[in-house]
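Biologist: Please show me the model, and then let me ask what the terms rest on.

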Amino acid sequence: MAHMNPTPVLDPSADKTMILNMGPQHPSTHGVLRLLLEIDGETIVRLMPDIGYLHTGIEKTCEAKFYQQVVPLTDRIDYLCPMTNNLAYCLAVEKLLGLEVPPRAQWIRVMLNELTRINSHLVWLGTHALDLGAMTVFLYCFREREDVLRLFEAVAGQRMMTSYFRIGGLALEPPLGFFERVKDFLARFPANIDEYESLLTSNPIWVNRTKGVAYLAPEDAIALCATGPTLRGSGVDVDLRRDQPYSGYENFKFNVPVSRDGDVFARYMVRVQELRESQKIAMQALEGVPEGLVKADAPHVVLPDREKMKTQMEALIYHFKIVTEGFTVPAGEVYSPIESPRGEMGYYVVSDGTAKPYRVHMRSPSFANLQSLRKMCEGNLIADVVAAIGSIDIVLGDCDR
Amino acid sequence: MALAPAITDLEQLKERPEVAALLAWNAAAVTGAKFDRNELTIWVDRTCLRQACQTLKDDGVLQYSTLADITCVDWYPSEPRFEVVYHLFSIPNKKYVRLKVKVPGSDPAVDSLVPIWPGANSFEREVFDLFGVRFDGHPNLTRIMMPENWEGHPLRKDYPVEGYR
């Protein structure tokens, strides 16, 4: 194998075609995505994505950590939706343990997950519009994103790598005044969405650049294992929050935006409407958040409160045991899929009855959705590749893990 | 919430529609089943995998129309060493089912699902890259995460976590 080229190459299939290399250092590939394009004039004949530049072996690392030590690794996978990854992993381990999470923790998890979706979609909208030449939207989106990141900082002490969820609940009760700040943000956010839409939705330049571009038929989307807004933009109505409710999503009322057009504009409309739905869900979670504890009553799994450790011997012993030896998880396997901003984020966790996971596999939406890019681009113009990449909203950290 | 014990007896599970559909198609292909933590797992003989997936996809009621995930578990040093794990999702019924195929370490190969779902392409390349399981009939079975001149398959259990290789 050593004689082989470390990176893939593409040979022209005909005399008149040429190979164009795009990325991995290209501003509109949203990370380190490399595309090999075979072009005939301005038309793409073949497209081959080359990924793996950000592969960090997180799945292998997980096998050497205790269950609770995996949580901080999960938000490094997809740096735009850390809470979603935390939640998917925690749900998987809680299912393995048979652990019930208190309602208050579940509702706060839902609220933070919807804020994460808003955060992720804002980054997507800003950069996608920037790629297609609309600079103002980028600045507006990042203004609101800053508000969300400040909320994350208030609750977790970190803006991006939050690691706020724990197996069995949350790390700690949100600080005083946190819910008022969230309410304040959510109350003014619909007006911000109107602002973005007024800049794009009926803007003739935007419409011309996105309508009818990078079409993906519903049967192709299903066959290519696309999920999330990429699938819903092609008219397939699947949303795991509604179809396989987790973390108490069955208690919330929301619509699932679907568009039948299957083009870049359709995926744009689906995500913009999702921003509105997320605001509604987060508002419902905020208004209905029950009183109670934010951690499950499971001393062998959940770390005790600091105060108790100073006064109770048992709490100190449990803390010492969990930190030094971890906790054992009954043997078995679970697949816990949740709806991340990009699509189906599934954690497949296998336990062999010890304190370390035998196998953790992340089914990441970017990795699966990237396969549709070829279908969207081949036969179309090279200028539309950037629009197509933006419209499937990939995060290369999520793709390569 | 206490854990209910897992049901591992094929006899008790043959009423389940997924198991029943596969048994009706080819009883010899189903080598086991498990219902644990509300998730159904079916073990399929590795020579029949593609037909089994086709059966579940074409079934008029079940309609497992899409593939959610493919991955692998290495049970080194026990044999058969690998278990390739498939998660199928039914869009009309919003249900998951897990299919598993046992693959020996001496000849790690299984049929590719690309003819049924083109989206299996990347997942199978990932399993090939990180576990070294070959997928027969795959159009482009090359490494996807690691560089092409890499030696070894990192997610195998006998691949060291630290130090030099």
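**Terms and values in chain B**

Modeller: In β4(B), the residue opposite B:Cys72 is B:Val84. Strands here are DSSP runs (E, at least two residues) and helices are DSSP runs too (H or I, at least four), numbered from the N terminus. This is a predicted model, in which local features need pLDDT of at least 70 and side-chain atom pairs count only at pLDDT 80 or more, while totals for chains, interfaces and linings use all residues. Residues are numbered from 1 along each chain as its sequence is written, and chains are lettered from A and ligands numbered from 1 in the order in which they are written.

Biologist: What makes β3(B) and β4 of chain B a pair?

Modeller: Two strands pair if DSSP finds at least two bridges between them. β3(B) and β4 (residues 82-90) have eight bridges, in the antiparallel sense, so they pair by that definition.

Biologist: Why are β1 and β3 of chain B said to stand at the edges?

Modeller: The open sheet has five strands in the order β1-β2-β5-β4-β3, with mixed pairing. β1 (30-36) and β3 (66-74) each have a single partner strand, so one side of each is left without a neighbour in the sheet. From one strand to the next, the twist averages 20°.

Biologist: Which residues does B:Val84 touch?

Modeller: Contact requires C-beta atoms, placed from the backbone, within 7 Å of each other. Leaving out residues up to four places away in sequence, B:Val84 touches B:Ile70, B:Cys72, B:Val101, B:Val103, B:Val110, B:Val127 and B:Val133.

Biologist: Why is B:Arg156 called partly exposed?

Modeller: A residue is buried if 20 or more other C-beta atoms lie within 10 Å of its own, exposed if 12 or fewer, and partly exposed in between. B:Arg156 has 19 within 10 Å, so it is partly exposed. B:Arg156 is found in the segment after β7 (134-136) of chain B. Its C-alpha atom is separated by 7.9 Å from that of B:Tyr76, 80 residues apart along the chain.

Biologist: How do you know that the radius of gyration of chain B agrees with a compact globule?

Modeller: The radius is taken over C-alpha atoms, and the globule rule is 2.2 Å times the number of residues to the power 0.38. For 165 residues a compact globule would have a radius near 15 Å; chain B has 17 Å, which agrees. Buried residues make up 39% of chain B.

Technical notes
Contact = placed C-beta atoms within 7 Å. Axes fitted to C-alpha atoms, helices over the stretch in contact; angles between N-to-C directions.
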